[in-house]
Amino acid sequence: MAVIREYKARGPFTSTLLAVVGLDDAACITLFTIVVAVVGIKGFSTEMFTTPLFRVGGSIIFGAVLGFIMVYVLKLVKDRHEVLALLVGRFWGEK
């Protein structure tokens, strides 16, 4: 909305974009209401908060560990083409 207002955009794309954003907002509000109702019926549980927290936290830690390993491995490689091959996931270098 801010970009549309800033550039004073008009036209079919802008109209379609505003309609899609409106539908998206309506869907989010509806889903939020349904989730609140289901949680209210099920009752309050600490598991509702700890399970997502552990999953997200575990993913962040796993990604950080893999990132540090990749940085260490990439420091050992001197050729730019080999770095690209490592990042893509395949090694086509000659021995």
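How many helices and how many strands does the secondary structure of this chain come to? The count is four helices and zero strands, and reading from the N terminus the elements go α-α-α-α. Keep in mind that this is a predicted model.

**The chain as a whole**

There are 95 residues here, and 4% of them count as buried.

Let's begin with K8, which sits in the loop between helix 1 (2–7) and helix 2 (12–42). Its phi is near 50 degrees, a positive value in a residue that isn't glycine. K8 also counts as exposed, because its relative accessible area is 65% and the cut-off for exposed is over 50%.

Then there's T14, a residue of helix 2. Is T14 buried or exposed? T14 is buried, because its relative accessibility is 10% and buried means under 20%. Setting aside neighbours within four places in sequence, T14 makes contact with I4 and A9.

Which residues make the nonpolar surface patch of about 500 Å²? They are I61, F62, V65, L66 and I69. Take V65 as one of them: this residue belongs to helix 3, which covers residues 47–76. V65 is partly exposed, since its relative accessible area of 44% falls between the 20% and 50% limits.

Helix 4 spans residues 80–88, and L86 is part of it. What does L86 touch, not counting residues up to four places away in sequence? The partners are M70, V73, L74 and V77. As for V73, it lies 13 residues from L86 in sequence, and the C-alpha to C-alpha distance between them is 9.1 Å. L86 itself counts as partly exposed, with 27% relative accessibility.

**Side by side**

| Residue | Relative accessible area | Class |
|---|---|---|
| K8 | 65% | exposed |
| T14 | 10% | buried |
| V65 | 44% | partly exposed |
| L86 | 27% | partly exposed |

Terms used: Residues are numbered from 1 along each chain as its sequence is written. This is a predicted model: local features need pLDDT of at least 70, side-chain atom pairs count only at pLDDT 80 or more; totals for chains, interfaces and linings use all residues. Side-chain values use heavy atoms; hydrogens and water are left out. Patches are made of residues with over 30% relative accessible area and no salt bridge: like charges are joined within 9 Å, nonpolar side chains (Val, Leu, Ile, Met, Phe, Trp, Tyr) within 5 Å. Accessible areas come from the Shrake-Rupley method with a 1.4 Å probe; for residues, only the protein chains shown count as cover. A salt bridge is a side-chain nitrogen of Lys or Arg within 4 Å of a carboxyl oxygen of Asp or Glu. Helices (H or I, at least four residues) and strands (E, at least two) are DSSP runs, numbered from the N terminus. Buried means under 20% relative accessible area, exposed over 50%, partly exposed in between (1.4 Å probe, protein chains only). Contact means heavy atoms within 4.5 Å.
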